[in-house]
Amino acid sequence: MGYWLFWIAGGIAILSAFAAITRMNASHALIYLVITLLSIAVIFFLLGAPFAAALEIVIYAGAIVVLFLFVVMMLNLGRRAVERERQWLLPGIWVIPAIMAGALFIVLGIALSGSEHEAVIEGTMVGPKEVGRSLLGPYILGVELAAVLLLAALVGAFHLGRRYIEERREK
Amino acid sequence: MFGVDWSYLLILPIVLGALVAALVLVWWERRVLGWFQDRLGPNRVGWFGVLQALADVIKLVTKDDWVPPFGDRILFILAPVIVAGAMLMSFVVVPLDAHLIIADTNIALLWFLAMSSLAVYGVLLAGLASNNKYALLGGLRSAAQMVTYEVFMGLSLLGVVMLSGSFSLKDVVEAQEEMWFCIPQFVGLVIFVIAGLAETHRLPFDLPEAEHELTAGFHTEYSGMKFGLIMAGEYLALILVSCLIVVLFFGGWLGPGFLPGFVWFGIKVVLVINFFILLRAAIPRPRYDQLMSLGWKILLPLSLLNILVSGAVVLWMAS
């Protein structure tokens with residue numbers, strides 16, 4: 001049963017990802033992106049990583065794309081924006097990305113089929129505890145580096161925001 | 001994981017039960033608010049006005065279900081479905097009794113957080129698709145409010161997770177045999193209640209739909225059963241947050257043995273819901289910037305501090 005669910009979720013992920021890049025309406029494209037993320041979460045769940053699946057929904061679908069949608073709402077894109085997008089996204093534009101993605105796809109296919117040590121996904125359950133242990137164990141350096149990066153982003157955002165507030169106060 | 005077991009049979013009763021409870025709650029809230037405000041409230045239809053809820057449903061179903069021609073038709077229809085659907089999905093992990101639970105997974109708490117973060121889409125899309133400035137402002141406000149309060153809604157629960165050592169709600173309840181978590185995790189409880197109010201955008205924090213600033217906020221353009229679905233979603237959210245407060249902080253189904261566990265659970269949930277209604281009657285609405293600065297400047301540091309202290313105490317007790 002898990003096998004069939006994988007094919008269904010994978011098919012939805014690919015179709016909605018395709019729709020996400022071809023839609024003219026920014027908010028529709030974002031909804032397709034959310035569907036892609038949700039189906040990837042289903043795949044994570046089927047692979048025995050429920051924690052990763054939950055985080056995929058909480059962080060990517062629930063926070064990051066919400067912020068994208070937030071910006072789309074702030075810009076108040078209407079029908080004119082859709083028209084403009086249609087003028088920009090001519091069929092010729094797709095040629096080079098399609099060639100590059102196709103090449104990548106072929107390389108991936110060769111790598112997956114021809115490798116001697118076959119990568120088999122065993123489907124062992126990886127619960128929250130195991131994820132926590134490995135994050136604070138072997139991958140501690142990555143966590144610390146991410147923390148530094150986030151702190152830098154926080155300081156930067158504070159700096160930009162403060163300048164804007166002070167300018168307004170002077171007026 | 002995919003074996004068919006009897007817990008699937010619980011899905012229908014829980015979905016129906018939650019919807020009927022949401023319906024009755026609409027009447028109950030109006031009744032209790034009337035009592036708090038020294039007036040009668042709806043008391044004409046049926047016994048003490050119970051059938052008022054049914055009358056409201058008949059009215060909503062038979063009303064003209066209008067879709068604004070100037071808006072985005074698909075997203076407009078999708079939005080209420082997301083609002084109600086995400087809330088119903090969360091009930092999957094709520095344990096009503098030691099064995100009355102649809103899915104006892106080890107990510108139950110994260111599942112609840114994931115579903116409540118998906119509920120934001122319903123509100124945002126409703127605001128966006130209506131193509132109406134009040135709806136848009138309401139949608140923007142609620143997106144900012146819900147994303148903000150989600151952050152420390154999750155953080156406030158980490159103390160509970162540390163004490164019980166699991167994300168599974170069943171394990172959380174079983175860890176409260178000796179002491180309910182409302183005592184050691186009082187700070188977490190307060191933060192969770194405030195965050196829960198903001199997530200369900202109920203009255204002290206209902207700025208996304210503040211009626212005298214934004215007409216009705218994100219659901220200004222909604223009518224008929226689509227409006228009904230949004231309202232059902234909001235009341236389902238209230239029931240859900242109350243259930244989680246009971247499960248996480250007040251021992252879930254635990255109680256003296258003369259009543260079965262789910263009855264204790266029900267009693268506690270009703271008490272928490274009444275507390276939320278009392279809050280609605282008692283506290284005025286803050287300004288939007290006050291709401292946001294309360295979140296980021298007070299509740300976020302407080303919940304981080306709570307995690308730090310809880311973690312230190314847990315380690316100290318273990319050694």
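Two residues are in contact here if their C-beta atoms, placed from the backbone, lie within 7 Å. Keep that in mind as we walk through this predicted model, in which local features need pLDDT of at least 70, side-chain atom pairs count only at pLDDT 80 or more, and totals for chains, interfaces and linings use all residues. Residues are numbered from 1 along each chain as its sequence is written, while chains are lettered from A and ligands numbered from 1 in the order in which they are written.

Let's start in chain A. Helices here are DSSP runs (H or I, at least four residues), numbered from the N terminus. In helix 2 (residues 26-46) of chain A, residues including L30(A), L37(A) and F44(A) belong to a set that meets a set in helix 3 of chain A, among them I57(A), V65(A) and F68(A). The axes of helix 2 and helix 3 (residues 50-75) of chain A come within 8 Å and cross at roughly 175°; axes are lines fitted to C-alpha atoms, for helices over the stretch in contact, with angles running from 0 to 180 degrees between N-to-C directions. Helix 2 of chain A is therefore roughly antiparallel to helix 3 of chain A, a label for angles over 145 degrees. The residues of this contact divide into 20 nonpolar, one polar and one charged. Nonpolar covers Ala, Val, Leu, Ile, Met, Phe, Trp, Tyr, Cys and Pro, charged covers Asp, Glu, Lys and Arg, and the others, Gly among them, count as polar.

Now cross over to chain B, where 22 residues are in contact with 19 residues of chain A. Two elements of chain B give two or more residues to this side: helix 4 (108-129) and helix 5 (133-164). Helix 4 of chain B gives the most, with 11 residues. The chain B side divides into 17 nonpolar, five polar and no charged residues.

Elsewhere in chain B, look for helix 9 (residues 224-249), whose 26 residues reach 38 Å from first C-alpha to last, close to the 38 Å expected at 1.5 Å a residue; the expected span is 1.5 Å times one less than the number of residues. Because 23 of its 26 residues are buried, helix 9 of chain B is largely enclosed by the rest of the structure. Buried means that 20 or more other C-beta atoms, placed from the backbone, lie within 10 Å of a residue's own. Just after helix 9 of chain B, G251(B) takes a positive phi of about 75°.

Finally, find A84(B) in helix 3 (residues 73-90) of chain B. A84(B) counts as buried because it has 23 C-beta neighbours inside 10 Å. Leaving aside neighbours within four places in sequence, A84(B) is in contact with L229(B), A232(B), G233(B) and L236(B).

Note on methods:
A residue is buried if 20 or more other C-beta atoms lie within 10 Å of its own, exposed if 12 or fewer, and partly exposed in between; C-beta atoms are placed from the backbone. Angles under 35 degrees count as roughly parallel, over 145 as roughly antiparallel, 65 to 115 as roughly perpendicular and the rest as oblique.
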